[in-house]
Amino acid sequence: MKVNAQSVNFNADATLIQFVENRLNKLETFYNKVVSSDVYLKVENTSSKENKIVEIKLHIPKDKFMVKKQCKTFEEAVDSACNTLERKLIKRKEKMRVYA
């Protein structure tokens, strides 16, 4: 799967990008027709500790899923977003089985 990662308001280091790519590649075990994904890593300028925002747009044939999570760390936000995407992909796969 092709992963496009963009960081907004900061420079992401290589370990964070590698973590995002590894975590997103695990989604292919749930739904093998994932085409690509766009990941936006943002830092919000607020005084709260939960100022890390991750938006993931997952492209699959004839559809796309969008998930946005805000947490204390990027790793936590990516993990939470991927868990949500796993549930969505499993639900999508079940629907495909019903119609097939």
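**Exercise 1.** Determine in which element Ser36 is found, and whether Ser36 is buried or exposed.

*Solution.* Ser36 is found in strand β2, which covers residues 36-43. Strands (E, at least two residues) and helices (H or I, at least four) are DSSP runs, numbered from the N terminus. The model is predicted: local features need pLDDT of at least 70, side-chain atom pairs count only at pLDDT 80 or more, and totals for chains, interfaces and linings use all residues. Residues are numbered from 1 along each chain as its sequence is written, and side-chain values use heavy atoms, with hydrogens and water left out. Next, Ser36 has a relative accessibility of 13% and therefore counts as buried (buried: under 20% relative accessible area; exposed: over 50%; partly exposed: in between; 1.4 Å probe, protein chains only). Finally, leaving aside residues up to four places away in sequence, Ser36 touches Met1, Lys2, Lys57, Leu58 and His59 (contact: heavy atoms within 4.5 Å).

**Exercise 2.** Locate Asn32 and classify its accessibility.

*Solution.* Asn32 lies in the loop between α1 (14-25) and β2. Its relative accessibility is 61%, so Asn32 counts as exposed. From Asn32 to Ile17 the C-alpha separation is 22 Å, at 15 residues apart in sequence.

**Exercise 3.** Describe how strands β3 and β4 pair.

*Solution.* Strand β3 (residues 52-60) pairs with strand β4 (residues 63-71) in the antiparallel sense, over nine bridges; pairing requires that DSSP finds at least two bridges between two strands. Within this pair, Ile53 stands opposite Gln70 in β4. The two strands form a hairpin with two residues between them, and Lys62 in the turn has a positive phi of about 70 degrees.
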